[in-house]
Amino acid sequence: MTYDPASANPLAGNPLKTRTDMIRAVNDLFDPLLPFFSNGNARVRLDGTGAHFDRAAADLEGFARPLWGLAPLGAGKNDFAHWQRFAEGLANGCDPAHPEYWGTVNARDQRMVELAALGFALALVPEKIWEPLDKRARDNIIAYFKHVRQFDYADNNWKFFRIFVDIALDRLGADFDRSLTKQYLEELEGFYIGDGWYRDGNIRRIDHYIPFAMHFYGLIYSKLVDDEYAKRYRERAVLFAKDFRHWFAPDGATIPFGRSLTYRFACAGFWSALAFADLEALPWGEVKHLCLAHLRWWRDKPIASHDGVLTIGFGYPNLLMSESYNSAGSPYWAFKAFLPLAIPEDHPFWTAEEKLPDQAPEVVPQRHPGMVMMRAGNDVVALSSGQENLQMRFGTEKYAKFAYSARYGFSVEADERAFALSAFDSALAFSDDGLHYRVRETNEEARIAGDVLYSRWSAFKDVTVETWLVPSAPWHIRVHRIRTPRPLQTAEGGFAIARRDLDADTLSAAQGSAYAIGEADFSGIVDLGSSIKRSGLAQKALPNTNMIVAKTLVPQLRGEIPAGETVLMTAVVALNDPAAVSGAWTAPPKAPDIAVLEKLVKDKGVTVSAIEAPGHMA
């Protein structure tokens, strides 16, 4: 029988319906790590890949990250056979005289990140990893934690990591400068925008770090500490839940967007943290469904190596989409999904019947992230304008495409010199030599008017583009007005769908349209009456570029625009229904009037929060 890579997924075959199922899941995910613990148990090294930080920090990451799930497991009075490894590893890692010492922090350092998990575990299960230790080991741990908190932390969610060090020091009865804790909490306040939304720092991006970091840590804080900050974190989480639920499709998938997607089911961490914090932001049955349905979505994905170790990647092993800070241990931030194991089985999160959230409106505008959420069949699509990430690999693909889908994900480009071969899903690309290309990387202006998004951006220094995104479920419409002093080649893509072997898919390319029909999906793009003619192409994208599946097809429109002003009018649809070719595909939306769109944005448009300068919210 042929090996099925998905069979190595530790979640495979787990119903993921009950507390017992979740206990099984966290153990099944952890057990494959056991052969990789070092002799002194302070380091876990999983393979030979590297991150930008040193090997000791990567080994600490492999050791610490599972504690986001194991500490709740222990706090919930559930059996776990390997606490002695963590107690010994913690003692040895903080001992400067031990060969497995994690190293001394002298500046901003990855160790700061991982100490948050250790601080959380020390606060939650001291009887497992602190009380068994002798005085010398305890003194070393306190000294290590106190040393680290004096250094500058990154100006984003990292500031919470110092808070977790301080919570641990407080719980362990250490003597330390508590005035700094208040300072750290105040620094975090600077990232709050409103309506439950944060930025992840003083930058133009609002991604999954808001739920699985800012709110996640804030909700844990609110359970462990009783003060005004805790009250604020709870109030904000209630507001945020009402928006964030729209990022999830009925099958549990969430929209892959932004960086750090290798943390996978950490995307359920927000719902898990609500349970941990005993905060019913939505009815418990809905919170439970959003959490567990997301975990279930991952069960049939080939996300682990043959020995059951989680790989770097999203829907499958994929180093191409990873960040420079992803080591082999990084994916274990996924254990953030297991916070509910800390709460007893009679908690309403566990006793409630799972309930699908009430049917959302077909279109939900969200000003802060600059998105218009749109239901398309059983998919959810985010039309997007206003975000950027120019610091990280493929930051443009992760933040600046026109649309992101829970079912179809997005693709990163494998070669910046391959204009003819590139996917360009949910993007508009320009080339002046047929080889290199430019897409939207950042926005000079981004506004939202009702459910219409507007952005102004530059493809080249002398080429300006105005883009309007209009939902028309299950379709969406893109209008681009381009001003260029020279002719350019263009390519615009729809959504990427899974491609089968042996050319078993149906591809169609015509003047002004293209579509692809796969085993389970239809994806199409059609010109609605642009000022130039464009030719359709069913692009066989380069392998391992899409987030969710390794091989894809992307319908595209390609053409040449002249010097001067050109208007492109495009409609895009993708549905997990091959019969859509004789259904939705036959009834594309009508082209909007560009003057009407301009007036709407002029009269009712407000600036997308993500693009606003911090502290200058309108």
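The structure holds zero disulfides. The model is a predicted one. Its largest nonpolar core has 220 residues, and helices α10 and α12 cross at roughly 5°.

**Cysteines**

- The sulfur of C291 lies 12 Å from the closest cysteine sulfur, that of C267, which is too far for a bond, because a disulfide requires the two sulfur atoms to be within 2.5 Å.
- C291 is buried, at a relative accessible area of 0%.
- C94 is also buried, with a relative accessible area of 2%.

**Nonpolar cores**

- Within the largest nonpolar core, of 220 residues, the members that touch the most others are W68, F86, L118, F265, W271, F338 and F430.
- Leaving aside residues up to four places away in sequence, F265 touches L11, L29, H294, L295, W298, I303, A334, A337 and F338.
- Another core lies apart from it and has six residues, among them F419, A429, Y437 and V439.

**Helices α10 and α12**

- Helix α10 spans residues 209–224 and helix α12 spans residues 269–276; their axes come within 9 Å and cross at roughly 5°.
- That angle makes α10 roughly parallel to α12, because angles under 35 degrees count as roughly parallel.
- From α10, the contact uses P211, H215, F216, L219, I220 and K223, and from α12 it uses G269, F270, A273, L274 and F276.
- By type, the residues of this α10–α12 contact are eight nonpolar, two polar and one charged.

**Strand β16**

- F522 belongs to strand β16, which covers residues 522–527.
- F522 is buried, with a relative accessible area of 0%.
- F522 and S405 are separated by 117 residues in sequence, and their C-alpha atoms are 14 Å apart in space.

- P474 sits in the loop between β10 (463–472) and β11 (475–484).
- D503 counts as exposed because its relative accessibility is 54%, where exposed means over 50%.

Terms used:
Residues numbered from 1 in each chain as written. Predicted model: local features only at pLDDT ≥ 70, side-chain atom pairs only at ≥ 80, totals over all residues. Heavy atoms only, no water. Buried < 20%, exposed > 50% of the residue type's maximum accessible area, 1.4 Å probe, protein only. Core = buried A, V, L, I, M, F, W, Y, C linked by side-chain atoms within 4.5 Å. Contact = heavy atoms within 4.5 Å. Axes fitted to C-alpha atoms, helices over the stretch in contact; angles between N-to-C directions. Helix = DSSP H or I, 4+ residues; strand = E, 2+ residues; numbered from the N terminus. Parallel < 35°, antiparallel > 145°, perpendicular 65-115°, else oblique. Nonpolar A, V, L, I, M, F, W, Y, C, P; charged D, E, K, R; others polar.
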